[in-house]
Amino acid sequence: MLKNHIKGGLKVLGDYGAALLIYFILLYTFIAITGEKFSNWLPVYSFVMFMLMVLILYSDMWSLAAKEKKPQYNLNPYPMKGLVLGFIGFSPLIILQIAAYLIKFDEPVLNNLKVAILQNVLLGPLYFFINLFGKTAFAYIISSLIIPLLAMISYMMGLHGIEIRKAIGSKKQAEVERKQELSPWNPTRQDSNDVKKKKKNKKS
């Protein structure tokens, strides 16, 4: 049981690591494009990377839950398992945040460098959350909860067989069918209108 949780937690960490790697690779290009306005555009870049991470995490957690709910695996998955896996996977980053908060250097330059590495690099995909809440201790706490919560939601959706793409697709299909139904060019509607006219004529 514990081994299964650790394995799932490592999957969450791997998903975050994959998004962070892409963040690193494209960061230099982004700096070259934005130039002196890099700091102003960093939250936007962070949000784009965050959305990429959400897609990766959703896909893996959904697939994991869909697999674990099958009787042959005998794993007895529970709805809140995604939250546990999220905390296990993101725990190394949480520990680093706590360590960075507790460690203080005498040199202001080193303290600034520490904050820059933590905010702009290690927590890059979550930077826009930190920036949104004013880069306070509260902002770091909120950002640390994002990954576990996303893992929980994705896992629960996989457990109940809810797919975002299919849900959106079925909604759009229903809207299209409704529009076709109301369209004056719909032959079915025209036939029903003809029947109504004939009935009216017979009555008169």
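**Exercise 1. Work out how many helices and strands the protein has, and in what order its elements run.**

Solution. Begin with the rule for naming elements: helices (H or I, at least four residues) and strands (E, at least two) are DSSP runs, numbered from the N terminus. Under this rule the protein has 8 helices and 0 strands, and from the N terminus on the elements run α-α-α-α-α-α-α-α. The model is a predicted one, in which local features need pLDDT of at least 70 and side-chain atom pairs count only at pLDDT 80 or more, while totals for chains, interfaces and linings use all residues. Residues are numbered from 1 along each chain as its sequence is written, and side-chain values use heavy atoms, with hydrogens and water left out.

**Exercise 2. Compare the span of helix α4 with the expected one, and find which of its residues are buried.**

Solution. The expected span of a helix is 1.5 Å times one less than its number of residues. Helix α4 has 15 residues and reaches 20 Å from its first C-alpha to its last, which is close to the expected 21 Å. Next, take burial (buried means under 20% relative accessible area, exposed over 50%, partly exposed in between, with a 1.4 Å probe and protein chains only). In α4, the buried residues are N111, K114, L118 and Q119, and what covers them includes α3, α5 (127-132) and α6.

**Exercise 3. Find which side chains meet in a salt bridge, and explain what parts the pair ties together.**

Solution. The structure holds 1 salt bridge, in which the side chains of K81 and E68 meet at 2.8 Å, N to O. Because K81 lies in helix α3 (residues 81-102) and E68 in helix α2 (residues 38-68), the pair ties together parts that are 13 residues apart in sequence. Both K81 and E68 are buried.

Conventions. Salt bridge = Lys/Arg side-chain N within 4 Å of Asp/Glu carboxyl O. Contact = heavy atoms within 4.5 Å.
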